[in-house]
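Here is a short report for a reader meeting this structure for the first time. Take a look at the sequence and the model before reading on.

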Amino acid sequence: MIQLAFYGFAILTIGSALAVLLTKNVLYAAFFLLLTLFGVAGLFVLASADFLAIAQLMIYVGGVLVLVVFGVMLTHKPEPPGDMNSQVPNQVPSLNRSWVVALLVSGSLFAALYTLLARANFLIFSQPIGWQSTITTIGKQLMTESVLPFELIGILLLAALVGATYLAAPILNSKKNAGR
């Protein structure tokens, strides 16, 4: 039964991720991304990572994806009637269109990641398989052994939020530029 659920979530994740890549409509891509994120959350549940599954649903599905959908819906401009039946794929502007460079970069990244994962000593593999909530363990780790990185990440995110607010304030920036 668990294997059937795993294959179901894996097929949902891969299929909807491919649909995100292949669809031309941004709104449809956002909805397929929703299915992809649900599939990944299901895989997290099957891997006994319940905290990651809930965080995935709350942060990405509940926050980021809803923001993307509203952004697409509010900034949507109707296309000219001639482009409705166009079969030309979307073009990504870039200076380097060589597939050899992309293949080398992606291959080296894959080799580095594979080497890292192959040499890693995961503690979870030595533990018996079974359902156990990870919320208590994560809470204890964040408040005891990993409190310094946790607080540094919080300060970094606060600085990023203040910087984004400063950059998004056009009235304040235009007054400074007018005074020069």
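This is a predicted model. Start with the cover over helix H2: what lies on the buried residues of H2 includes H1 and H3. The buried residues in question are Ala29, Ala30, Thr36, Leu37, Gly39, Ala41 and Gly42.

**Helices H1 and H2**

Helix H1 spans residues 2-22. Its buried residues are Ala10, Thr13, Ser16 and Ala19. They pack against H2. The table sets out the length of H1 and of H2.

| Helix | Number of residues | First to last C-alpha | Expected at 1.5 Å a residue |
|---|---|---|---|
| H1 | 21 residues | 30 Å | 30 Å |
| H2 | 21 residues | 30 Å | 30 Å |

In H1, the reach is close to the expected value. The reach of H2 is likewise close to what is expected.

Take Thr36, which sits in helix H2. Is Thr36 buried or exposed? Thr36 has a relative accessible area of 11%. The cut-off for buried is under 20%, so Thr36 is buried. Leaving aside neighbours within four places in sequence, Thr36 is in contact with Thr13, Ser16, Ala17 and Val20. Among these, Thr13 and Ser16 are buried residues of H1.

Now turn to Val20, which belongs to helix H1. Val20 is partly exposed, at 25% relative accessible area. Which residues does Val20 touch, not counting those up to four places away in sequence? They are Ala29, Phe32, Leu33 and Thr36. Ala29 and Thr36 are among the buried residues of H2. Val20 and Phe32 are twelve residues apart in sequence, yet their C-alpha atoms are 5.6 Å apart in space.

**Helices H2 and H3**

H2 covers residues 26-46, and H3 covers residues 50-75. Their axes come within 9 Å. They cross at roughly 175 degrees. Angles over 145 degrees count as roughly antiparallel, so H2 is roughly antiparallel to H3.

On the H2 side they include Val26, Leu27, Ala30, Leu33, Leu34, Leu37 and Phe38. Val40, Ala41, Phe44 and Val45 of H2 also take part. From H3 come, among them, Asp50, Leu52, Ala53, Gln56, Leu57 and Tyr60. By class, the contact has 21 nonpolar residues, one polar and one charged.

**Aromatic pairs**

A pair of aromatic rings is described by the distance of the centres and the angle of the planes. How many aromatic pairs are there? The count is two.

One of them is Phe6 with Tyr7. Their ring centres are 5.5 Å apart, and the planes stand at 65 degrees. This pair is edge-to-face. Phe6 is partly exposed, with a relative accessible area of 40%. Tyr7 counts as exposed, at 52%.

The other pair is Phe110 with Tyr114. Here the centres lie 6.4 Å apart and the planes are at 20 degrees, so the rings are stacked. Phe110 and Tyr114 are four residues apart in helix H4, residues 99-119, so about one helical turn separates them. Phe110 is exposed, with a relative accessible area of 60%. Tyr114 is exposed as well, at 56%.

Definitions and conventions
Residues are numbered from 1 along each chain as its sequence is written. This is a predicted model: local features need pLDDT of at least 70, side-chain atom pairs count only at pLDDT 80 or more; totals for chains, interfaces and linings use all residues. Side-chain values use heavy atoms; hydrogens and water are left out. Axes are lines fitted to C-alpha atoms, for helices over the stretch in contact, and angles run from 0 to 180 degrees between N-to-C directions. Helices (H or I, at least four residues) and strands (E, at least two) are DSSP runs, numbered from the N terminus. Angles under 35 degrees count as roughly parallel, over 145 as roughly antiparallel, 65 to 115 as roughly perpendicular and the rest as oblique. Contact means heavy atoms within 4.5 Å. Ala, Val, Leu, Ile, Met, Phe, Trp, Tyr, Cys and Pro count as nonpolar, Asp, Glu, Lys and Arg as charged, and the others, Gly among them, as polar. Rings of Phe, Tyr and Trp (its six-membered ring) pair if their centres lie within 6.5 Å; planes under 30 degrees apart count as stacked, over 60 as edge-to-face and the rest as tilted. Buried means under 20% relative accessible area, exposed over 50%, partly exposed in between (1.4 Å probe, protein chains only). The expected span of a helix is 1.5 Å times one less than its number of residues.
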